[in-house]
Amino acid sequence: MGSFTIQELRQAQKYPFLPVARAVVAESGFSLLEVPEPVMRRARAMVAAAFSEKPYRPPGGEHSEVLSEEVLAFPVAKILVSLINRLELYRRFCGMVGKSAVSHLRDDSEKSHKFLFGIADEMKIKSVPSETPDFFAEVALADFLRADAGSVSGKLVNQRVRKGRVILTSDEFIRFISAVAENELRQSFPLDVKGVPKSFVAEAASLEGEFSQAVRKSFSREDFGEIRPEAFPPCMAKIYGELAAGVNVSHTARFAMATFLNSVGMGAEQIIAAYKNTPNFSESTTRYQVGSICGKKTSAGEGYSSPSCDKMRSYALCVANCPVSHPVQFYSREVLKVNAWPQRATSEEKYG
């Protein structure tokens, strides 16, 4: 990477969506057939961080070799994510990149406010310094719409618009730039992974296996105590209500409901009872299916886990935009809220 300065490599590592990052990869002569072990290790670390929804921590050091490995690891990580091909991972990976960009942009903009306009220019975002007091930048209306409407940039109707430009504070400008990067990265998935080396397929399978095992451990057979239907997430509450009302819900909805009820600790007999009002109810068939869900072990050694929110969306069973990634996570939060009230009252009584 002799033609790139340390500063350029550092910028490519911090902002892998910029042209300089693509230039570093292009000049490296990088081949998927011969991925250096440190590059694959860093790519795995990126994907693992996205899975866990924790910030990605690159290795320290300002050596050109270390920075170059980080830059090369990003496209490798994108290939691994595409091979795994899970909607929830696309969301998490892009969100991780967006959050990282916000942090870096805030740090770098403290040294020079012109820096932000330089980044925007590299991303072909038309922006100028704002002449409006207490504001920082003005972004062309067409470019503002490059950020996802549901992102931190907010809906256009809620923005300050003047002469075809959206007026933003410095922090809003930072979050907007990051939202554009995150949205355009999301639109790039999935990559075309036909013909990638078998080593990539093996790495992706290993990562997905680790994630699936972690999900099963987090969202299966938790000790929530007494089942509280009032704490069910909207999707499960709807299916549960339809079952009670005798609606003939789809097989997918029935499976999702049974795995959810099992995951939050409902016993097999109670789960079977939840289906008794359904049309053409067969106790023997339902008992067999519920028994399979509650007791059967998968190849990973765990029982069936409740589908994630992304999986529920793919089933067309999602009915609300909940601030969670898993129905059991929603239920857990609601149960904790309910359980906190008696404890709070006890504490107040105890300490006056």
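## Confidence of the model

The chain has an average pLDDT of 85, and 87% of the residues score at least 70; pLDDT is the predictor's confidence in each residue, from 0 to 100. Over residues 340-352 the pLDDT is below 50, and this stretch has 1 contact in the model beyond near neighbours in sequence; contact means heavy atoms within 4.5 Å. For residues 297-301, where pLDDT stays under 50, the model has 6 contacts beyond four places in sequence.

The structure is a predicted model, in which local features need pLDDT of at least 70 and side-chain atom pairs count only at pLDDT 80 or more, while totals for chains, interfaces and linings use all residues. Residues are numbered from 1 along each chain as its sequence is written, and side-chain values use heavy atoms, with hydrogens and water left out.

## Helix H3

Helix H3 covers residues 37-52. Helices (H or I, at least four residues) and strands (E, at least two) are DSSP runs, numbered from the N terminus. The 16 residues of H3 reach 23 Å from the first C-alpha to the last, close to the 22 Å expected at 1.5 Å a residue; the expected span is 1.5 Å times one less than the number of residues.

The buried residues of H3 include Val39, Met40, Arg42, Ala43 and Met46. Here, buried means under 20% relative accessible area, exposed over 50%, and partly exposed in between (1.4 Å probe, protein chains only). After H3 comes Glu53, whose phi is positive, near 55°.

## Asp108 in helix H5

Asp108 belongs to helix H5, which spans residues 87-111. Asp108 counts as buried because its relative accessibility is 9%.

The side chains of Asp108 and Lys14 make a polar contact at 3.1 Å. A polar contact is a pair of N or O atoms within 3.5 Å; within protein, one must be able to donate a hydrogen and the other to accept it, and residues adjacent in sequence count only if both atoms are side-chain atoms. Leaving aside neighbours within four places in sequence, Asp108 is in contact with Lys14, Tyr15 and Phe115.

## Strands around S2

Strand S2 (residues 137-140) runs antiparallel to strand S1 (residues 127-129), to which 3 bridges join it. Strand S2 is also joined by 4 bridges to strand S4 (residues 165-168), again antiparallel. Two strands pair if DSSP finds at least two bridges between them.

Within these pairings, Val128 stands opposite Glu138, and Ala140 stands opposite Arg165. Ala137 and Val139 point one way from S2, whereas Glu138 and Ala140 point the other way; all are buried.

## Tyr275 and helix H13

Tyr275 lies in the loop between helix H12 (268-274) and helix H13 (283-295). With a relative accessibility of 5%, Tyr275 counts as buried. A polar atom of the Tyr275 side chain lies 2.6 Å from the backbone oxygen of Arg254, although Tyr275 and Arg254 are 21 residues apart along the chain. Not counting residues up to four places away in sequence, Tyr275 touches several residues, among them Leu243, Met257 and Thr286.

In H13, Thr286, Val290 and Ile293 are buried. They lie on the same side of H13 because they cover an arc of only 55° around the axis, the arc being that of the directions from the helix axis to the C-beta atoms. The buried residues of H13 pack against helix H11 (251-263) and H12, whereas the face turned away from the buried side carries the exposed residues Ser284 and Tyr288.
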